[in-house]
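Student: Could you take me through one part of this structure closely? I would like to look at its aromatic rings.

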Amino acid sequence: MPCVWITSDLQLQLILTLFLVAECFSAGMKGPITSNNSMQQMDNGNHSSDSIITSSMDRKQSTVTLPTEANTSLLVLVGTKSVLYCPPVLRTNVLVATWEIVLRDKPPFFRAFRRDTNQTTTENCTDERIIWASRPDENLALLIYPVAITHDGNYTCHIVTRDGNFQHGYHLQVLVPPEVTLIQTENGTAVCKAAAGKPAAQISWTPEGDCVTEQEPYWGDGTVTVQSTCRWGGHNVPAVSCFVSHLTGNKSLSIQLERDTNILSLSSILYIILPVFIILVIVGSIWLLKSRGYSLFLFLQKM
């Protein structure tokens with residue numbers, strides 16, 4: 001029996017020892033876990049602060065004003081007035097404004113304004129038709145008056161401000177209406193001409209016929225002459241219309257076609273000769289019948 005109790009006590013001690021070891025092990029594990037949680041919270045805090053800094057930087061970047069650039073194609077009728085405007089910038093923020101002008105086959109020239117000294121300067125500018133629209137300290141627009149064919153080109157307004165640089169460009173094309181004429185030639189064809197237009201005009205006919213359209217070479221000023229020659233052979237066409245289409249406006253001319261004088265003379269001759277010929281044939285036939293009848297009468301008498 002003593003051996004049994006000893007064995008039971010040993011078992012009890014072993015169980016108690018294992019329980020204590022398990023408790024110590026679990027306590028040791030809880031400590032590091034708590035420390036890791038605190039590290040994660042610190043990392044989360046660092047990430048949140050980084051995101052705050054990043055978002056604030058994004059907000060700062062979104063408030064930065066970038067330079068604006070734009071180009072506008074502009075069609076202007078020759079002899080009229082044209083006003084070109086700079087980008088819409090607060091006048092008090094303007095430091096320097098410069099118009100750069102590049103015309104066809106000419107070197108660039110400039111008109112500039114400096115606000116702090118309220119001074120204007122020009123460089124290579126000899127065309128007095130290109131000027132400031134008003135006082136540049138009030139309005140930076142450029143005025144072209146009167147517009148000429150030579151004013152084809154590029155106009156760019158550059159503005160330097162406290163907030164950045166801005167610019168706006170124009171590609172200006174001058175339009176010239178063509179001079180339209182419609183005539184009939186001696187051989188019966190009709191000729192429609194759109195002379196010295198810019199750009200080239202387009203010509204059409206009513207009614208349609210056998211037509212040939214040609215362009216004369218460009219003049220030094222960029223204008224073009226278009227000529228269309230049309231015939232309506234074999235058709236009875238009393239009148240025709242020429243329609244000229246152009247960016248400055250459309251125009252239509254009409255003409256009464258005269259008949260060919262050669263054909264008219266031949267017809268007149270035929271109208272005169274034909275009745276005379278018929279009369280001669282009738283008279284001749286009668287004379288022939290009478291002569292034959294008289295000869296027959298003499299022959300019968302002799303018998």
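Tutor: Start with a charge and a ring. The charged end of Lys81 sits over the ring of Tyr145, 5.4 Å from the ring centre. To sit over a ring, NZ of Lys or CZ of Arg must be within 6 Å of the ring centre and within 35 degrees of the ring normal. This is a predicted model: local features need pLDDT of at least 70, side-chain atom pairs count only at pLDDT 80 or more, and totals for chains, interfaces and linings use all residues. Residues are numbered from 1 along each chain as its sequence is written, and side-chain values use heavy atoms, leaving out hydrogens and water.

Now take rings with rings. Two aromatic pairs occur in the structure. One is formed by Trp205 and Trp232, and it is edge-to-face. Their centres are 5.6 Å apart, with 75° between the planes. Rings of Phe, Tyr and Trp (its six-membered ring) pair if their centres lie within 6.5 Å; planes under 30 degrees apart count as stacked, over 60 as edge-to-face, the rest as tilted. Trp205 lies in strand β12 (residues 202-206), Trp232 in the loop between β14 (224-231) and β15 (239-245), so the pair ties together parts 27 residues apart in sequence. Strands are DSSP runs of E, at least two residues, numbered from the N terminus. Both Trp205 and Trp232 are buried. Buried means under 20% relative accessible area, exposed over 50%, partly exposed in between (1.4 Å probe, protein chains only).

How values were computed:
Helices (H or I, at least four residues) and strands (E, at least two) are DSSP runs, numbered from the N terminus.
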